[in-house]
Amino acid sequence: MELKVHDIVKWESIDHLEKTTPIPDWVYDAPAAKNYGVVRRMPIMNGMVPIGLRGSTREQRFGTFIHQSHIVEVMTPVDLVDRIEGYANEIHLPPLKKIKEAFEQFNLRWGPTGSVGFELATGISVTTERSDIDVCIYMDAIDRELLAEAGKFLETLGRRIDVQVELASVGAFLLNDFLKHEKSGFVLRTPFGPQLCTTVENRIRLLVNH
């Protein structure tokens, strides 16, 4: 089982959560937190998977771990694209359908994340009408022209769309940060912390020690 950041994992019992850090009381009462978590951007060591739990308010967030052996289902953001047509949310469905149609034309590998992705994966209502739409684009290497085209399209939606670009085996960056600061420095999120970067011939160059 290969697990990656943004994957949504399911377990059968809240007793399977790692208990080195006390579990907040709200976790036991939150439908979204009892059996589901989102894989965080940290190394997986000795089978312990870093996950984030969410409750019914923005303040109810909790980071913990669960052993890989207790995970019974994994849903990736890419898997969730196929569920968009059946999404019952009238506010977030229209822009999601437009993104799906455009990204298929761009031949981009992508998926919804954040609260919308969680709702698609679990069927548990966690979004509001003010929720942003978060998506992740997956690439093996930077394609600046393609990312610029995607950025231009997203500006036409009239909604805030937060886009992370995951580079295989490297890390992730925010699309807007990359498009605005590619030459001066943008933040690359890695399992070991953020790094300031630029690009040279579409390849990442770290600015650490420069």
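**Ground rules.** I worked from a predicted model, where local features need pLDDT of at least 70, side-chain atom pairs count only at pLDDT 80 or more, and totals for chains, interfaces and linings use all residues. Residues are numbered from 1 along each chain as its sequence is written, and side-chain values use heavy atoms, with hydrogens and water left out.

**Entry 1, the sheet.** I started with the open sheet of five strands, which has the order S4-S3-S2-S1-S5 and antiparallel pairing. Strands here are DSSP runs of E with at least two residues, helices are runs of H or I with at least four, and both are numbered from the N terminus. Two strands pair if DSSP finds at least two bridges between them. Which strands stand at the edges? They are S4 and S5 (71-75), each with a single partner strand, so one side of each is left without a neighbour in the sheet. I noted that neighbouring strands of this sheet are turned by 40° against each other on average, direction ignored. Then I looked at S1 (residues 8-11), which runs antiparallel to S2 and is joined to it by three bridges. Val9 stands opposite Gly37 in S2.

I picked Val72, which sits in strand S5. Val72 is partly exposed, at 46% relative accessibility; for this term the relative accessible area lies between the limits for buried (under 20%) and exposed (over 50%), with a 1.4 Å probe and protein chains only. Leaving aside residues up to four places away in sequence, Val72 touches Lys10, Trp11 and Glu12, where contact means heavy atoms within 4.5 Å. Its C-alpha atom is separated by 14 Å from that of Ile51, 21 residues apart along the chain.

H5 lies across S1, S2, S3 and S5 and runs at about 45° to S1. Axes are lines fitted to C-alpha atoms, for helices over the stretch in contact, and angles run from 0 to 180 degrees between N-to-C directions. How much of H5 is buried? Eight of its nine residues are, so H5 is largely enclosed by the rest of the structure. Among the buried ones I listed Val116, Phe118, Glu119 and Leu120. Just after H5, Gly123 takes a positive phi of about 80°.

A pocket is an open set of points on a 1 Å grid over the protein atoms alone, where a 1.4 Å probe fits, with protein on both sides within 12 Å along at least five of seven lines; lining residues have an atom within 4 Å of a point. The largest pocket holds about 1,100 Å³ of space. Its lining has 35 residues, of which Arg54, Arg61, Gly114, Ser115 and Asp134 lie nearest the centre. H5 (114-122) is among the elements that give two or more residues to this lining. The second largest pocket has a volume of about 630 Å³ and is lined by 25 residues. Lys4, Val5, Glu166, Ala168 and Ser169 lie nearest its centre.

Asn107 is not a glycine, yet its phi is near 60°. Asn107 is in the loop between H4 (93-105) and S6 (109-113), and at 68% relative accessibility it counts as exposed. Glu201 has a positive phi of about 50°. Glu201 is in the loop between S11 (193-200) and S12 (203-206) and is exposed, at 74% relative accessibility.

Technical notes
Points joined across faces, edges and corners; volume = space filled by probe spheres on them.
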